[in-house]
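Hi there,

Here is the structure I promised to pass on. My notes follow below it, so please have it open while you read.

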Amino acid sequence: MTLSRKGLLRTMLDTTKHIFLKPNIFMLWMVFFTLLYWTYSYYSLTAFEVPLFEPRSLILDHDKSGYLIKTSGCQIPEMYLNGPKIDKYLNPSVELNCKTKWNLTLPYLITSNLTSLILNMTAWATLNISEGDTSFVCYYIPVERSVIDNDQDPNTFNDNGVKLGEKVYFVHNTTVSNEMVEVVCTLNSSVVYKYFHIFIRPTSSVRNRKDKDVSVLLLGLDSVSRMNFHRQMPKTSAFLSEIGTVEMKGYNKVEDNTFPNVVPALTGMSIEELKINCWPENDNFFDKCHFVWDDYKNANFSTIFAEDSTIIGTFNYFKSGFFKQPTDHYLRPILNHAENSIGHTLILNTLGCYGTRLAMSMILDYAYKIALSMTNHLYMSVFWTTSLTHDYVEYPKFGDDDLRDFFDAFNKSGELNKTIVILMSDHGIRWGRFRDTFQGSLEDKLPMLNFIIPQWFQNMYPSAMENLNKNIIRLTTPYDLHETLLEFVDMKQLDDNSIAKRTKMNENKRGTSLFLEIPENKNCKTAGIPKNYCACQNERQDLTVDNASVVKAANALMQYVNFELSAYNTLCANLTLHEIYKASVEIDNYYTSVKDYIIQIITVPGSAKFEATLRHHNDNFEMMGSVSRLNLYGNQSVCMDDAKMKLLCYCIDKN
């Protein structure tokens, strides 16, 4: 039974009236307090843990239906931006200050333009030295990727390799012919400046940009849900709203962590399909795989890939990366060297700072500088930053100013009028107290995806833009993003006539360009989203942990986990169920005999917290998707070099 607020108040008043009019006062008082207790309990456990009188202004997206997405294929409930029940899971006292932990005297002593290093004379004057003083020395060191000859054995090559050139000394300003350099200045042999600069020049084969051409910048912030972007980065959010952005509210991840969500966007394939087609073993290079930047390169765009936190890089964390560099400009060597040289302030798994600045800021600087370098040419770049946002739900706020300033500079320079910018993430935060809540679980499934599109482009392709705007409130995935990225290679297919023809042929495929209308009945099954990661909600009911079906589901989950671990029984301990932490069930609106149990358990040894969805049908429990790990494994799985199994493994010998 569900009571409206008015109905609830009327019931309470009627009960009170009867208490004073009937003779059995004691029994009626008991009824009154029972009703009051039921009311409190009901509203404490429903509405996604949001208080009964939560101000509606705290909801970022809502309509009268109470749903963010409401189609015949998918219903995603509205979520709350902040408020007491959200804020209590956030730590407002976290701090991050790169400058206080990096004691370089003059962090801005050297600047650079598109071709040269420049001595900042204002900063230099603070050194109180005369020109020509030999106690003050500046030099740069070329940074390159390890050399690959045709005869080099791939088994001996490491994608982490960095080759440093000879020192090149300079005074005042100097033109640099190298692509990536480390710059150092010393005073009396003490380092007063160290930072890393890039100088990107388009090759002769790159297409010149014409008036109606666009470059593409894909900018990724790891582990940022759509809601948490607005919550933690309000300045950037407000600026993008001011200049105009298309935000996909039903963008749903398709797997647990970064790798299996980025790969579908860049290749159109799932990890299983990737293994079948081009990457059969975890230690293989990815060179045989076809990425979206290959399509752009074939169309004579310049291509760029850069990613900070290189130790846990998308294609390098317990993987081999690339044998040959995947793009025309591959910034892994300089970011790897910068991280090892001036990286500091360990947040949890990442270093938040490079020198006196956020590591994320170096990524943004490089993205902006490459845009300026390519202003008259076409490019497709992928910049991914993990350093600031990967581990804690609160930390994106420290990058809000820098990200807002990046978009402001991009806009004022005119580059925003020449570029499609896609600001995205792979998933929300995957562990911690907030992730344990229902809304935290939902946000994990719904990363941000924003399109910043020049106005002239919107005017030129009205039908495509109409579809894109329709798709704001449809279920979408990285597979759809991949199809959309392919559109900018040849934009003739975006004109109204082409869109009309393609619409007639459009089917409910797993991946559909967002410039075509996503079918209204698209659901997680047709979208390629495993049940465990599906944000579309059926009727959901919390269950007690001693419920007989919950216990059976938990035992089935334990059987699955230990079966997965059995292949590594010399390395990993057999796990035992210690506690069923939380449980709920969803009943399919169309197939009422099918029930999906969402189970959280804690296992020993190691106190790992796992979450999984198990489907109950015909007296059997079947795993739906993979197991999520909701707490960190630290060094518990140090013996395991398989990224997927590290989530499950508790090493027998952790030495």
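In which hand does α10 pass α11? The crossing is right-handed. Please keep in mind throughout that this is a predicted model.

Let me stay with that helix pair for a moment. Helix α10 covers residues 332-342 and helix α11 covers residues 359-373; their axes come within 12 Å and cross at roughly 150 degrees. Since angles over 145 degrees count as roughly antiparallel, α10 and α11 are therefore roughly antiparallel to each other. On the α10 side the contact is made by Ile334, Leu335 and Ala338, and on the α11 side by Met362, Ile363 and Tyr366. Sorted by class, this contact has six nonpolar residues, with no polar and no charged ones.

The chain has 655 residues, and 55% of them are buried. It has 20 helices and 25 strands. Among contacts with a separation of 6 or more, 72% are between residues 24 or more positions apart.

Thr303 sits in strand β13, residues 302-307. Its relative accessible area is 0%, so Thr303 is buried. The side chain of Thr303 reaches the backbone nitrogen of Asp328 at 3.0 Å. Leaving out residues up to four places away in sequence, Thr303 touches Trp293, Tyr296, Lys297, Thr327, Asp328, His329 and Met380.

Ser425 lies in a loop, the one between β19 (419-424) and α13 (438-445). With a relative accessible area of 1%, Ser425 is buried too. Its side chain reaches two backbone nitrogens: that of Ser223 at 3.1 Å, and that of Val224 at 2.9 Å. Beyond its neighbours within four places in sequence, the contacts of Ser425 include Leu221, Asp222, Tyr251, Trp384, Pro447 and Met448.

Lys212 is another loop residue, placed between β10 (190-198) and β11 (215-221). Is Lys212 buried or partly exposed? Its relative accessible area is 42%, so Lys212 counts as partly exposed. Not counting residues up to four places away in sequence, Lys212 touches Trp456, Met460 and Met491. The C-alpha atoms of Lys212 and Lys418 are separated by 8.3 Å, although the two are 206 residues apart along the chain.

Most residues other than glycine have a negative phi, and most peptide bonds are trans.

- Ser309 has a positive phi, near 50 degrees, and is not a glycine. Ser309 lies in the loop between β13 and β14 (329-330), and is buried at a relative accessible area of 2%.
- Thr345 also has a positive phi, of about 65 degrees, without being a glycine. Thr345 belongs to strand β15, residues 343-346. Its relative accessibility is 17%, and the cut-off for buried is under 20%, so Thr345 counts as buried.
- The peptide bond from Val604 to Pro605 is cis, with omega near 0 degrees. Pro605 is in the loop between β23 (595-604) and β24 (608-617).

Happy to go through any of this with you.

Best wishes

Notes: Residues are numbered from 1 along each chain as its sequence is written. This is a predicted model: local features need pLDDT of at least 70, side-chain atom pairs count only at pLDDT 80 or more; totals for chains, interfaces and linings use all residues. Side-chain values use heavy atoms; hydrogens and water are left out. Helices (H or I, at least four residues) and strands (E, at least two) are DSSP runs, numbered from the N terminus. Buried means under 20% relative accessible area, exposed over 50%, partly exposed in between (1.4 Å probe, protein chains only). A polar contact is a pair of N or O atoms within 3.5 Å; within protein, one must be able to donate a hydrogen and the other to accept it, and residues adjacent in sequence count only if both atoms are side-chain atoms. Contact means heavy atoms within 4.5 Å. Axes are lines fitted to C-alpha atoms, for helices over the stretch in contact, and angles run from 0 to 180 degrees between N-to-C directions. Angles under 35 degrees count as roughly parallel, over 145 as roughly antiparallel, 65 to 115 as roughly perpendicular and the rest as oblique. A crossing is left-handed if the near helix is turned anticlockwise from the far one by less than a right angle, and right-handed if clockwise. Ala, Val, Leu, Ile, Met, Phe, Trp, Tyr, Cys and Pro count as nonpolar, Asp, Glu, Lys and Arg as charged, and the others, Gly among them, as polar.
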